[in-house]
Amino acid sequence: MEIKYFACASGPKSRNDLDELRAERYGRGKGLKARGRAGRAAKKTKELKDELDFADWYGEFEGDLQDANSEHKLFQHTLDSYLTTCNSLISTTDSTLNLLTELEKSFQTVYSQTSSFQETCSSLLTHQNHIKSLLDSISTNLHPFTELDPITRALSRPGSDFVKTPSFREMLVRLDKCLAWMNDPAHRSFHDVENYAPRFRQNMTRALTLIRNYFVTSVREVANEVMGRIKERQMNDTTQSALLYAKFRVNAPLLRELVGEIEKRCDHEEYISLLNECYSAFASVRQKLIIPIIQKKMNELAAVGASTNKDLVKFSRNGINFVRSICMDEFELFYAFFSGERSDSEVYNFLETLCEPLYDHLRPRIIHELQLVKLCELCTLLQMRYMRDPEDLEVDPYDRTQLDFGQLIQTTIQDTQNRIVFRAQTVIRDEIEGFVPKPEDLDYPTKNQLEKRAPENGEVPGTPLPGAPTIIDHDDNPSGNGFDTEAVFKGWYPTLRKCIWLLSRIYRLVNSTVFDDLAHNIVHVTTVSLLKAHQQIASKKTPADGHLFLIKHLIILKEQIVAFDIEFVRPDVNIDFSALTGTFWELREKGIFSSEGIIKLVKGAAMPKVVENMLDAKVELDARLRFVINEFTQHFASRMTSGIVGPSNRLAAASATDPAKVVRIAVEREVVVLRAKLEEYLADGRTRETLVSAVQEHVIQAYESYYEEIFLGGNKVPPRSPGGTVWDVEMFVGWSNDIFAVGHGFLAYDGDGAESEDTSPGMSRTGSLYM
């Protein structure tokens, strides 16, 4: 608003004067409204003309100021109310803070008091637990001491049936706990432990003794009742079996449970003795009942009129079957009373006593049995029928529920095997080593001719083919259940027949080491007897007959022993002190400190020698065979080449028109003899051709030596008749191949079994088959 001031001639007027002027101008009652409208209309620049205008303007300005002041006053009033509220809040907050401070102080006081109370309670609780643990420890440690008197009172007057009550078994458990506590090393420091422990041990012994007494009394009462009924009247097998076994099985579960209490505590020597007394009482009672029955049966089998009296095998079979059935029943009954691990050994000790009547009858019969066949049959029966097969997967060797009857007859098997070995040695000594041949035994090659005619008469052929060993499983008595070895081995020398028969008999019946030793001895003695027969035949007939006889039988022997798996014999090592003795004598004469004596000691002359004395039948047999083959081939070769052996003979042959003629004539003559002899002794064509080849080889070597020495050695060749020709080695070999005809027309077998005709003339250069 823009105000323009004006000059006023008159002086200032009062408010009342102004009000009057307004009333005159605007009328009464309308001055304010008019002024208001005028004020609002005077928003724009207004020119003040008089005092009234000024007064209006001033009133209007003053009204505006009042309006503006009212808003400020309202805001001021609001601020004042806010200030009042804030002051009130501050005052309230201060009072609250003061209250919280007081509460905090109170809480700290309570916290400190509570912590102190908690510590006090914890200390008291810890002390209480300590006291409680001490109380429990005292109660626990005192409990074993308090158990002694009640247990002692219970055992002082037990009663006859005390062991059958549950309280008795509970008492045993308490005794076990008390003994375990007393024997604990951690409790050795307790007072009077060394006095209480023996007393608990004594009570345990008394308790287990009650079990022993009850067991012994029970089995004896049953045994006396059974024996009384048996004496009263004659009984059949069913009634007797019911008395002997069913009667004992009535109380067996209770007695087994009671004895089990002793078996569980066999960690002390006294308890073991109590258990052994139970075993002894049971065995004694059963022996009194069973052994008379077994003895009666053995006497019946051994009676003079019985069919089993003179037959060892039949007597053994019937007797062992009877005893075995009883042992199986006793084995089951034994385990109805006992169950501990110690029972495994005790049951077989008990059953061995039941088998003593059988041993008493069998052992003399085995010792006095002279027939090796019967002994072998008995051993086979025992091994095959009563011994467990270790290779049988269905049989568990550790199964306690099955009776191993082989353990009970092990002594009988050993006696039989020892007797077999003794009788075999007797056969070796009397029938092989001491064999005296009859003239017909040495009648070769006549026996070979009879052998060849045997198939035509329906008899069994003699010499088997190589590689076809024969094992005899039956007796050689034609009247028995076997067959006649004379027919099977027709043409064999008697000692060879006995050798194979003996090996077949004892094979797998004795220990493998014993069999190997016996087999080597048998083969060695048989080889020696064949050598003696060879010498006699060679002296009576011809050396070729002796050689072929020995070759034939050694080949048969070599082929037959393959089936017996004879192992190599370990050498016997001996120490030879002969060199040591000689050295000491020399040192005594020359002085031990002489230079020669010291050198002798350094060289080891004073050390004993280790000597190996080894006898291997296979090696010996091979050596003998090689030697006799070499002798045989050398014999025929020398007969064929005698005209070119020796300086005079060689010069005479070389001076002839045909230097090889004398050899060719001899070869052509002797080859026929050689093949005829081989046909008489050897049935195998391969063996014959091999020997012919070996003879040819020696002949060729002799001619080659003769040719090289006379015609290639630089010596002066003697004059020969005109028109002659000198054969070199190649020409002689070609001619000899045609004459010896090794392999011609002979069907040899190749490796695949197919037949092929061997026409190779160079077969003779390959060497001997038996080297």
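A: Tyr707 has a relative accessibility of 15% and counts as buried, a term for values under 20% relative accessible area, with exposed used over 50% and partly exposed in between (1.4 Å probe, protein chains only). Tyr703, at 1%, is likewise buried. Tyr703 and Tyr707 are four residues apart in helix α25 (residues 685-711), so about one helical turn separates them. Helices are DSSP runs of H or I with at least four residues, strands are runs of E with at least two, and both are numbered from the N terminus.

The model is predicted: local features need pLDDT of at least 70 and side-chain atom pairs count only at pLDDT 80 or more, while totals for chains, interfaces and linings use all residues. Residues are numbered from 1 along each chain as its sequence is written, and side-chain values use heavy atoms, with hydrogens and water left out.

Aromatic pairs come next. Rings of Phe, Tyr and Trp (its six-membered ring) pair if their centres lie within 6.5 Å; planes under 30 degrees apart are stacked, over 60 edge-to-face, and the rest tilted. The structure holds 30 such pairs. Phe334 and Phe350 have ring centres 6.2 Å apart and planes at 20 degrees, so they are stacked. This pair links distant parts of the chain, since Phe334 belongs to helix α9 and Phe350 to helix α10 (residues 343-354), 16 residues apart. Both Phe334 and Phe350 are buried. Tyr703 and Tyr707 are also a stacked pair, 6.5 Å from centre to centre with 20 degrees between the planes. One aromatic cluster is formed by Phe215, Tyr279, Phe282, Phe331, Phe334, Tyr335, Phe337, Phe338, Tyr348 and Phe350.

Turning to charged side chains, a salt bridge is a side-chain nitrogen of Lys or Arg within 4 Å of a carboxyl oxygen of Asp or Glu. By this rule there are 24 salt bridges. In one of them, the closest N and O atoms of Glu261 and Lys264 are 3.5 Å apart. Glu261 is buried at 9% relative accessible area, whereas Lys264 is exposed at 62%. Salt bridges link Asp176, Glu261, Lys264 and Arg265 in a network.

Asp311 and Lys374 meet in a salt bridge of 3.8 Å, N to O. Asp311 lies in the loop between α8 (269-301) and α9 (312-337) and Lys374 in helix α12 (residues 372-386), so the pair ties together parts 63 residues apart in sequence. Lys374 is partly exposed, at 23%. Arg686 and Asp684 form a salt bridge with an N to O distance of 3.7 Å; Arg686 is partly exposed at 36%, and Asp684 is buried at 14%.

The helix contact is last. Two packed helices are described by the angle and the distance between their axes. Helix α11 (residues 356-368) and helix α14 (residues 410-433) have axes that come within 9 Å and cross at roughly 10 degrees. That makes α11 roughly parallel to α14 (under 35 degrees; over 145 is roughly antiparallel, 65 to 115 roughly perpendicular, the rest oblique). The axes are lines fitted to C-alpha atoms over the stretch in contact, with angles from 0 to 180 degrees between N-to-C directions. Tyr359, Leu362, Arg363, Ile366, Ile367 and His368 of α11 meet Thr412, Asp415, Thr416 and Arg419 of α14, contact being heavy atoms within 4.5 Å. The residues of this contact are four nonpolar, three polar and three charged, where Ala, Val, Leu, Ile, Met, Phe, Trp, Tyr, Cys and Pro count as nonpolar, Asp, Glu, Lys and Arg as charged, and the others, Gly among them, as polar.
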